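Subject: Structure handover and findings

Dear colleague,

Please find the structure below, followed by an account of what was found in it.

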Amino acid sequence: MSARQHSRVWRLLRIYFRRFRIGLWLVILALLGAVIYVNQIGLPDFVKNPLLEKLRAHGLDLQFSRLRLRFPHGLVADNVFFGGTNNAANPALTLKEIQLRLDYAALIKGDLQVNSLVLRQGRLVWPVNESHQPPRALTVENIQAQLRLLPGDLWELDQFKAQFAGANIELAGTVTNASALRDWKMFQAEPAVASGATLPQNLRRLADVLDQMHFAHAPELRVEIFGDAHDLLSFGARLTLRAADAETPWGTFAGGVLSARVTPPENQEPSHAEILLRADHAHTPWATATNLDLTLHVLSNAGTNFNADLNLTAAQVETVWGRGRAAHFAAQWRHAATNAIPLSGHGELELAAAETPWGRGSGLHLAATLATTTNSIAPPDPAWGWWTNLAPYGLELRCRMNELAAPKLAASNVICTAQWQAPDLRVAQFSAVLYQGSLAAQADLNVATRKLNFAGSSDFDLQKLAALVPPASRPMFAEISWVKPPHLQAAVSMRLPAWTHQSPDWLAEIKHSLILDGQVAVARGALRDMPFDSVVFQITHSNQTWRIPELVITRPEGRLVLAHESSDTSADYFFKIQSALDANALKLLLSPEARHGFDLAGFTVPPVVDVELRGRWGTLAGLDAKGRLALTNFTFRGETAGGFESAVEFSNRVITLTEPRLQRGEEQVSAEWVRVDLAAEKVFMTNVLGHANPLVFARAIGPVAGAWFEPYHFSGIPTARVNGSIAFDIDNGVDLHFDFEGGPFAWWKFNVRQIAGQVNWVNDALTLDNVHAEFYHGTAEGGAAFYFPKGADNRLHFDVAVTNADLHLLLGDLNSPTNKLKGLLTGRWAVTQGIPETGVTWVGHGQASLRDGLLMEIPVFGVLTPALESLAPGLGSTRLSDATAAFVLTNGIVHSDDVDIRASGMRLQYRGDVNLDGQVNAVAEAELFRDTWVVGRVLSLVLWPVSKVFEYKITGPLGDPKMAPLYFVPKLMLLPLHPLNTMKELLPKAPEATGTNAPPEVK
């Protein structure tokens, strides 16, 4: 090739090269412009639209401000809005940008495919709009994620991170048939939920809950979701939530970990869910727990049912009802998704120790089984009340506790089993070991009829339960004791109030239907202070009537048998008592105030009582009683008796003893009747006939009566008839009348062989009327009255007449049993007024006569005997033919001016005073031969000077009087009357021997 040709070729080459270079730069410039365009302006519609169609085919409806190419991220959509519709009520996802990663291999082949979406700075807003409520929204912030769009309409979500409600969320998932997501109801406006509430309502509740949740440190939530968008039930999920601390509407938690997993059904296996919850500390309104560990398994069943298995443990649990240690709760149940109550289930609770405000226990095991009833029953009656909620179910409950301790109760081995099968609730077993014994019970309740049946028995120490009963009933427990706890059995049936009653009157409603049958047996104990060997009784209640067929109290000396019946409607009661117990023991049953009457009596042989009582509770007005009473070898106020028997009646507060009989050795007392009027506080007696010592019965009446009868003694057994009344307190009234006869009788110094009369004791007056007695071989008649008003001096008066009493015997009792006095005494003595204790106040009068007697042995008359004997031997002992006297009593002094004593040789006159202290002040004069026949008056006149010699002044004690001549007469003139004595007195006395040689003393 020539050079020119060669040059032309190069020139052409250079031209083409320049053109190519210009073209290349133009292409590069065009490409650069296109890149700048698609980066700044966005993809043209011919590119963007096919791409959006591809996304819509995947179920993604993206709305964005621009879709541009940005290096190195590739296609990026800015300000993206993602939602099923443009309805503002639906959730909306906005992102600052989405990176669309294309399938370049497919793109080379001309097929535009999006492999994945990278979401950055996203924000999900779910509006919560309700009428009449301010708008709110649930918001997920700072969303970062990668969504891979795989062939076959498969989505894979990776590296999803966001913040929601203060928690950091990590999410991953896989969804097949993902394009169906846009058809889900949750993206439709106002969808309804199964419960009847709208989705906005549920979302508002969720928002309210989230507003109340607070975290000191952001929790970590990891969620993995997978499933088929065509089938919501095919979705599964795994969730893990970790929170160092949290404050929620349900409580506060510390160190909490929540793990949940939902597995859809596959390979003929049902779907199931598992929830694991652990917390170092959890506090809720219902309970507080430490080291909480909860596992829940839920297994889907056919249809809408599912099975659940729960296992919960906690080191410590505390609730408003108490707290426990080492708690373990396990439950399995079958549930319907449309009902809050399980269809069936079984649960068990174990606590190593539990403590409540009412007590504490250990070894608690509680098991419950719930089942849907298989019986076909009609819908429950609304009258069942809240029991209607349990009608479709069967329930079985078992409880066991090793130890139970409460402030007022302690027990061990507590066991309870119960079953519910509508309409019956049955407690098959309730048993416990407590207080050296045991308790066992069974009960059943028919909800339809409201009839409750109960049966139980016990043999523990009931004294330990005294603190559980009302304070008013506690004294009853203190009044009984036992060596061995009593054995009790009881069966109770009643109809409970209607379940729909809010505040029923339990006592008023159950008393009409109450049926009770109980037995009590106590061996060796004490009722109050009375020991007993055994107490056995049965108690029943039916038709509103209480009955005790037989109550038996046994003691060594005998037993008491009691029967009782009482009506709730009329308040009438009946008692039948048969007793042979020691009355001293029965006294111990009474209060200290009521024992006073028993203290008056003493028994060596138990009394026999057979009595029936009828009355009305709350009043004594209608109390009636009748029966018999028999006493043997007893004492009353210290007086002994061999036996007593009587029919007894009580009515209108009056005790009537009909035909009572009292035996005291040979003494007997009987009566037509004796009445004790409790209202009037008096004892009335009619025809009390006694052959007994009245002093004994006077002492039995009381110390006052005994003191009045003390001076009157019967050494024999008199016969008396008594009528009248006497008050419990003698000062409040006495009206007793005695007719008596008997002897020998003694009063003061008097002793008589036989006496009879009447005694009338009316209030403060005691009178003796028609008294007549055999008086020292003579007779005595008279009466007396004694007045003893309260607060004033006692008074007396009496009038006694004596006929032909033997003076020797009379003065033998009054003065000396060796006296030589003789004669028959007749006279009368009357005291019209005076104070018994003060003789100087006595005023009275009297007269006396003596015949055929000797008086010179009386010192006051015997002072004249020596003078009379000196005049004529035997004159001083002359038997008196007659002696008379009249006297008056004033100021305690007996005065007489006409004591006239006559004998055959003389007449003795006496005048003067004698006081009741025995002091005499009188003048005695002897008139010689005054009563000599025919010449007596002449001789008396002649011997008048001599009679003056025998007139003496007598003073001093009546038993040893002093005598002095009333007129002075020289001793020489008395010599003719008693020469020897006169000469002896005229001569000097011989000196007394001294025992020494000393001369006699000269007087």
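Tyr-573 is buried, at a relative accessible area of 10%; buried means under 20% relative accessible area, exposed over 50% and partly exposed in between, with a 1.4 Å probe and protein chains only. Please note that this is a predicted model, in which local features need pLDDT of at least 70 and side-chain atom pairs count only at pLDDT 80 or more, while totals for chains, interfaces and linings use all residues. Residues are numbered from 1 along each chain as its sequence is written, and side-chain values use heavy atoms, with hydrogens and water left out.

Aromatic rings

Rings of Phe, Tyr and Trp (its six-membered ring) are taken as a pair if their centres lie within 6.5 Å; planes under 30 degrees apart count as stacked, over 60 as edge-to-face and the rest as tilted. By this rule there are eleven aromatic pairs. One of them joins Tyr-573 to Phe-575 in an edge-to-face arrangement, 5.7 Å centre to centre and with 65° between the planes. The pair of Phe-714 and Phe-745 is tilted, because the planes stand at 50°, with the ring centres 4.8 Å apart. This pair links distant parts of the chain, since Phe-714 is in strand 37 (residues 712-714) and Phe-745 in strand 40 (residues 745-747), 31 residues apart. Helices (H or I, at least four residues) and strands (E, at least two) are DSSP runs, numbered from the N terminus. Phe-714 is buried at 10% relative accessibility, and Phe-745 is buried at 10% as well.

Ring pairs also connect Trp-386, Trp-387, Trp-420 and Trp-499 into a cluster. At Trp-673, the charged end of Arg-675 sits over the ring, 3.8 Å from its centre; this requires NZ of Lys or CZ of Arg within 6 Å of the ring centre and within 35 degrees of the ring normal.

Cysteines

How many disulfides does a search of the whole structure find? The search finds zero, a disulfide being counted where a pair of cysteine sulfur atoms lies within 2.5 Å. A disulfide is a covalent bond between the sulfur atoms of two cysteines. For Cys-399, the closest cysteine sulfur is that of Cys-416, and at 6.4 Å this is too far for a bond. Cys-399 is partly exposed at 24% relative accessibility, whereas Cys-416 is buried at 19%.

Two strands are said to pair if DSSP finds at least two bridges between them. Strand 30 (residues 601-616) and strand 31 (residues 619-636) run antiparallel and are joined by twelve bridges. Arg-614 stands opposite Asp-624 of strand 31. The hairpin of strand 30 and strand 31 has two residues between the strands, and Gly-618 takes a positive phi near 90° there.

Strand 31 also pairs with strand 32 (residues 639-651), again in the antiparallel sense and over twelve bridges. Here Thr-635 stands opposite Thr-640 in strand 32. The hairpin formed by strand 31 and strand 32 has two residues between them, and Arg-637 in the turn has a positive phi of about 50°.

Salt bridges

A salt bridge is counted where a side-chain nitrogen of Lys or Arg is within 4 Å of a carboxyl oxygen of Asp or Glu. The count by this rule is 19 salt bridges. Among them is the bridge of Asp-158 and Arg-148, whose closest N and O atoms are 3.0 Å apart. Asp-158 lies in strand 7 (residues 154-164) and Arg-148 in strand 6 (residues 136-150), so the pair ties together parts that are ten residues apart in sequence. Asp-158 is partly exposed at 24% relative accessibility, and Arg-148 is partly exposed at 29%.

Arg-616 is partly exposed at 42%, and Asp-572 is partly exposed at 31%. A further salt bridge joins the side chains of Lys-576 and Asp-610 (3.4 Å, N to O). Lys-576 is in strand 29 and Asp-610 in strand 30, 34 residues apart. Lys-576 is partly exposed at 27%, as is Asp-610 at 31%. Finally, salt bridges that share partners join Arg-148, Glu-156 and Asp-158 into one network.

Yours sincerely
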